[in-house]
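Hello,

Here is the structure you were going to look at. Please open it first, then read the notes that follow.

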Amino acid sequence: MALKYSFFVLHVLVMFSLASMALSDSLSPSFYNHVCPQALPAIKRVVEAAVRKERRMGASLLRLHFHDCFVNGCDASILLDKTATIDSEKTAIPNNNSIRGFDVIDKIKSEVDKCCGRSIVSCADIVAVAARDSVVALGGPTWEVPLGRRDATTASRTTANNDIPPPFLDLPALINNFKKQGLDEKDLVALSGGHTLGFAQCSTFRNRIYNDTNIDSTFASQRKANCPRSGGNTNLAPLDPTPALFDSKYFSNLVSKKGLLHSDQALLNGGQTDNLVKKYSTNLGSFSKDFAESMIKMGNIKPLTGNQGQIRVNCRKVNV
């Protein structure tokens with residue numbers, strides 16, 4: 001009798017927790033603590049294994065979160081495949097043949113659902129936590145990720161084309177682009193520092209190395225060796241000298257006029273962000289702190305909560 005009562009109480013508590021989750025309209029780092037405390041450790045395990053296998057994947061998972069949040073909020077819309085009714089963001093200009101990490105997200109989703117016994121962790125939350133765990137795996141700071149996002153049932157390739165900042169923007173356009181998302185100049189510089197990790201394709205920096213004047217000539221020559229005037233569009237170059245380590249060398253590069261992208265060097269080109277770039281170039285602690293704070297702020301862009309959206313069973317498809 002006592003055992004049956006205990007199971008009843010446990011069942012009631014679980015149902016109460018699930019109901020609270022469904023009704024919650026704000027994000028909280030403790031969102032899954034009662035319903036599935038195994039969720040976050042499971043995400044961390046899969047991310048660490050993926051980054052061990054390929055260091056570049058850490059940067060790819062960070063970029064996935066950024067490109068998700070800048071298109072109608074952090075709602076995992078970027079994960080949806082094209083269908084008759086879904087205009088997939090995967091084929092938008094900033095993402096086509098360059099955005100990656102979908103297989104890792106699928107693996108995380110599978111592991112988390114197995115640990116939790118059901119599909120209660122959203123794909124949007126998985127993307128946000130995977131970005132944090134990737135940064136940590138590559139030597140960067142940690143932060144508490146507010147959780148409780150739900151998943152979009154639509155995507156917008158047009159919005160992705162319009163709202164994800166392209167690599168040729170000057171500073172005023174970058175500031176306006178981030179301002180549209182509720183992010184300020186400090187967020188712009190700190191989040192651009194995510195380019196301390198990863199690589200860029202030749203097509204994104206060709207114009208800079210052949211036509212920009214605010215560029216170190218030796219650096220430009222080195223990059224031209226792997227990025228011809230025509231062809232080689234997908235050839236890769238590191239965004240900073242240590243593309244698999246979270247450090248401040250991205251900013252040191254800008255001080256030396258060795259920013260790979262036009263939009264990178266725009267942060268240190270006589271404008272109002274110059275001083276912050278110089279500060280970060282010599283103060284990794286300050287950059288790390290501001291980066292973590294800006295990641296939380298970015299992760300809070302227009303989340304779906306409460307009864308909005310859904311918890312997708314398959315991150316690539318809307319639930320039937």
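Which residues have the most contacts inside the largest nonpolar core? In this predicted model, they are Leu79, Ile105, Ile108, Leu267 and Phe291, in a core of 77 residues. Helix α5 (residues 123-137) gives the most to this core, with nine residues. Another core lies apart from it and has 13 residues, including Ala200, Cys202, Tyr210 and Leu239.

Next, helix α7, which spans residues 171-180. Its buried residues are Leu171, Leu174, Ile175, Asn177 and Phe178. Seen down the axis of α7, these fall within an arc of 160°, so they line one face of the helix. As background, an α-helix has 3.6 residues a turn, so residues three or four places apart point the same way. The buried residues of α7 pack against α3 (56-69), α6 (157-163), α8 (185-192) and α12 (262-265). On the face turned away from the buried side are the exposed residues Pro172, Lys179 and Lys180. Just after α7, glycine 182 has a positive phi of about 80°.

Two residues of α7, Leu171 and Leu174, are also among the contacts of leucine 267, along with Leu188, Val189 and Tyr250.

Last, arginine 208, in helix α9 (residues 202-211). Is this residue buried or exposed? Arginine 208 is buried, because its relative accessible area is 2%, and the cut-off for buried is under 20%. Its side chain is joined to that of glutamine 265 by a polar contact of 3.3 Å. Arginine 208 also touches Asn214, Ile215 and His262, among others.

Regards

Methods
Residues are numbered from 1 along each chain as its sequence is written. This is a predicted model: local features need pLDDT of at least 70, side-chain atom pairs count only at pLDDT 80 or more; totals for chains, interfaces and linings use all residues. Side-chain values use heavy atoms; hydrogens and water are left out. Buried means under 20% relative accessible area, exposed over 50%, partly exposed in between (1.4 Å probe, protein chains only). Helices (H or I, at least four residues) and strands (E, at least two) are DSSP runs, numbered from the N terminus. The arc is that of the directions from the helix axis to the C-beta atoms. Contact means heavy atoms within 4.5 Å. A nonpolar core is a set of buried Ala, Val, Leu, Ile, Met, Phe, Trp, Tyr and Cys residues joined through side-chain atoms within 4.5 Å. A polar contact is a pair of N or O atoms within 3.5 Å; within protein, one must be able to donate a hydrogen and the other to accept it, and residues adjacent in sequence count only if both atoms are side-chain atoms.
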